[in-house]
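The exercises that follow are to be worked with the sequence and the coordinates side by side. Each task is followed by a solution in steps.

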Amino acid sequence: MSTISLTADAPTAPAIVSARGVTHRYGRTPVLRGVDLEVPEGAVYALLGANGAGKSTMLRVLAGIEPLQGGSATVAGVSVQKLSIADRQRLGYVAEGQKLPDWMRLEQLEAFCAPLYPLWDAGLAAYLRGRFALDSKQKLGTMSRGQRMKAALLCALAPRPQLLLMDEPFTGLDVAVKEELIGGLLESAGAEGWSLVIATHDVDEIERFVDHVGFLRDGVIGTAGSLETLRDALVRVELTFSNAADVPRSWPGAWRRFRPVEQAGLRVSAIVDRDSLATDPAFAAQASNRDERPLSLREMYMLFGAAQRHAGGGIPA
Amino acid sequence: MTRIAALAHVVRYDARRMQRWWLAYSTVLAVAAVSPAVFRGIKVGQYEPLWGYTTFLLPLTGLVFALALGQGDGAYDARGFLRAKPVSDPTRAAARLVHLLALALFTVAVIVLGLWHGGIGMPVALSLAASAVVPYFLLLLYSTSIGASTRSLSSGLLLLFVAFLLLFPIGMFGLDLPRSLLSRSVLLSLAVIMLWLTYMGRVTWRQAVTISMGLFTLAYGGWCARVVDPLDRVPSNTPPINERVRFGAFPDSIGERDALPYTIEGARADRLYWVPDASIMPYGSPSTSAESSQPIRLGYGNTLRVEAFAVSPAMLPGLEGFVWAPPFPPGASSRPLSGMAVGDMRADARIRDVKEVTVAAQLKRYRAEPLVTVPIALGTWYEGGGQSLSMVVDRGLPVLEERQSPRSGGAPLDFDRDNPSSRFDIVVIDSTTRTAHLLQPRERTGSQAVYILPTIGFQVMRTEFQQQELLRALMRPGSRSSAIVYRWIEEGHSGTSETRMVQRWPIGPDSLGQRGLRAMVEYKR
């Protein structure tokens with residue numbers, strides 16, 4: 001089973017993040033095996049991958065939290081190894097499970113963060129506090145998980161970052177909180193033209209607002225590009241036949257390139273690249289019904305991001 | 001935001017983060033400081049639980065504090081709050097160091113108050129504190145580094161426990177190895193931690209090399225030795241002297257406990273000499289085995305007892321014109337220095353017939369340094385260098401009480417005739433009659449030690465003198481007598497090696513019967 005090569009998708013804007021061959025390991029355990037990543041300026045980029053694929057590590061490398069062990073990576077044209085304090089002041093980082101000073105009230109947290117960022121916008125902070133319905137007098141230690149994430153996001157957005165890195169920001173949050181977070185995020189980022197990189201496997205939540213995706217699997221990004229390009233390139237074709245005799249017994253290679261053709265009775269479904277449709281096989285014409293639609297992000301994730309299953313897997317008898 | 005402002009910002013943040021630890025630690029120290037029993041010389045057995053309090057709880061609380069301090073936003077704490085903020089690594093590290101320094105100073109300051117409250121004079125307490133700050137700071141740094149290398153407090157505590165078990169054999173607790181070695185051990189352990197963090201990808205090689213180079217420079221650059229051994233009384237590289245040990249004629253035969261006479265050529269009358277080591281090397285043995293060429297130590301074990309420590313008033317500054325009052329102290333003499341080396345003459349190797357022997361001896365020269373002159377009275381006689389001397393009354397008799405830190409670099413008061421390296425002498429003088437009395441120890445009682453931290457503690461020792469009646473008489477009101485405390489400072493050393501022909505040296509082992517390796521030797525001119 002192969003992956004589609006769309007990494008040559010030329011960025012239309014200068015890159016805010018550019019990484020080449022980034023490697024990282026913890027002791028003897030390699031996590032990143034040569035990651036290439038290009039995030040255009042102003043993009044909302046989703047870094048998708050299964051648990052343990054290396055998404056969090058990649059974001060921490062970009063944020064300067066983990067050392068760059070191999071390869072090269074730049075943020076806004078500056079190597080992550082040489083990020084100055086001024087560079088980091090234009091960088092926001094929010095992670096699920098990130099520690100917060102529980103003894104502080106929200107207003108104390110804001111007061112602590114403000115001096116660290118010369119572009120801290122107290123007005124924006126106040127606006128986000130209201131939009132997220134946060135109480136400035138409440139201690140962080142008594143906040144719910146969603147409130148803590150909102151507080152962290154508030155502190156990341158108020159300095160008006162040029163680039164915001166978010167690691168699993170929606171994990172464990174209920175639907176309403178997710179909507180609030182995404183709304184606030186889109187509102188701020190959209191208005192200011194900030195760049196966002198979101199590492200997640202929560203594909204359903206992000207599909208409506210990301211414009212670029214990269215699929216990280218086994219420590220490398222095999223497929224990446226703009227969501228529009230990917231959608232143009234890949235098509236799910238569903239054929240319905242009138243009788244069983246018309247259903248072909250073998251399939252052309254282009255139809256089996258990404259995953260096996262799924263057959264349920266007289267219905268057949270396959271993922272093919274759009275170019276292959278130009279030379280439709282003969283059996284397609286015999287289908288009583290034919291439906292084509294672009295791939296959803298979830299389907300792309302299952303193709304390029306989800307961990308590959310072992311052959312012969314399944315529940316043992 | 002300037003770097004100083006950023007540092008202050010992070011220090012305030014850490015102070016808030018650690019406020020509960022500060023509160024807990026302050027409470028523990030405060031309890032210790034107001035408990036005189038903790039700091040006084042306690043009889044072992046009577047208040048034994050308190051020993052655990054001082055030796056275990058106090059240092060452990062401080063070290064756990066440092067551990068927790070290091071774990072926040074440490075190398076393993078990738079989700080730490082400050083790690084994601086525009087705060088540089090050096091700023092975070094500097095803020096930690098500020099806290100550690102404050103912790104060390106605060107701890108030691110409270111202990112100084114406790115010592116003072118417990119009856120120790122402030123000069124001695126300050127001296128003890130000064131010698132304890134750097135080692136304790138290193139211990140805290142060690143604990144903080146372990147904290148930065150572990151994910152949780154429990155794993156950090158486990159590693160800290162193991163690390164201190166490893167430090168135990170090399171003398172962090174109990175054994176009295178040189179402080180510089182301890183400091184190097186701690187610093188080398190820190191370097192190992194850096195290697196581990198590098199291996200785990202938590203720091204870069206560049207950072208690890210930079211920090212390790214700094215640690216090694218600290219460990220081997222001499223800084224530690226200078227800082228933690230400030231009270232070393234004996235200079236390490238004393239100059240050579242011209243005086244030599246000259247052995248006299250060997251007697252025709254010499255038996256067990258017989259004397260081997262010697263003189264010290266060129267000896268000065270105002271100096272003290274000591275022969276710390278002497279040996280005989282048999283040459284010309286018919287046997288070619290290695291054992292026959294081993295040196296034979298003179299004396300019981302490796303020591304050579306020298307009777308002629310001829311302490312005279314001329315050797316002690318401030319006693320010009322004084323004479324010893326009877327009864328004369330043993331060894332006191334006004335004759336030119338010469339000595340009789342008396343040993344058990346036990347050979348520690350099989351001895352065969354030889355034609356010649358080589359006698360080797362080392363000689364050291366000491367000068368007396370008066371520490372203090374005080375009127376004969378109860379109370380403090382001397383304080384300084386981590387030691388204090390006080391005259392107190394014990395069961396109606398005047399005794400000299402010494403309080404001293406065993407880790408302050410100096411040795412306890414030693415009135416031993418054999419070893420001037422740690423020897424003190426106390427002379428009572430009567431200015432009216434121009435007589436001097438060299439106090440002779442009769443009994444050393446009740447050696448007690450209270451360790452407050454692994455790096456700070458003291459011993460209490462009491463010495464009775466043979467001249468107790470004299471002391472009691474001189475302490476009466478109206479007495480114009482004084483006491484001078486001397487210590488002996490090594491001034492130089494020399495070595496002597498001499499080869500002589502012998503006719504019958506020594507008696508072969510067969511004639512020793514059941515004595516086995518314990519051979520009797522005979523000297524021939």
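**Exercise 1. Follow the pairing of strand β9 of chain A: which strands does it join, and in what sense?**

Step 1. Strand β3 (residues 44–48) of chain A is joined to β9(A) by four bridges, and the two run parallel; strands here are DSSP runs of E with at least two residues, helices are runs of H or I with at least four residues, and both are numbered from the N terminus. Two strands count as paired if DSSP finds at least two bridges between them.

Step 2. Within this pairing, A:A46 stands opposite A:V213 in β9(A).

Step 3. β9(A) is also joined to strand β10 (residues 220–226) of chain A, by six bridges and in the antiparallel sense, and here A:V213 stands opposite A:G225.

Step 4. β9(A) and β10(A) form a hairpin with two residues between them, and A:D218 in the turn has a positive phi of about 55°.

Step 5. Five of the six residues of β9(A) (residues 212–217) are buried, where buried means that 20 or more other C-beta atoms, placed from the backbone, lie within 10 Å of the residue's own.

The model is predicted, with local features requiring pLDDT of at least 70 and side-chain atom pairs pLDDT 80 or more, whereas totals for chains, interfaces and linings use all residues. Residues are numbered from 1 along each chain as its sequence is written, while chains are lettered from A and ligands numbered from 1 in the order in which they are written.

**Exercise 2. Determine how helix α1 of chain A is placed, and which strands it touches.**

Step 1. Nine of the nine residues of α1(A) (residues 55–63) are buried, so the helix is largely enclosed by the rest of the structure.

Step 2. Just after α1(A), A:G64 takes a positive phi of about 80°.

Step 3. An open sheet of four strands in chain A has the order β2-β1-β4-β5 with antiparallel pairing, and its edge strands, each pairing on one side only, are β2 (29–40) and β5 (78–79).

Step 4. α1(A) packs on this sheet, touching β1 (15–26), β2 and β4 of chain A, and its direction makes about 120° with that of β1(A); contact means C-beta atoms, placed from the backbone, within 7 Å, and the angle, on a scale from 0 to 180 degrees, is taken between N-to-C directions of axes fitted to C-alpha atoms, for helices over the stretch in contact.

**Exercise 3. How many residues of chain B are in contact with chain A?**

Step 1. On chain B, 20 residues are in contact with 25 residues of chain A.

Step 2. Helix α1 (residues 3–17) of chain B gives the most to that side, with four residues.

Conventions:
Two residues are in contact if their C-beta atoms, placed from the backbone, lie within 7 Å. A residue is buried if 20 or more other C-beta atoms lie within 10 Å of its own, exposed if 12 or fewer, and partly exposed in between; C-beta atoms are placed from the backbone.
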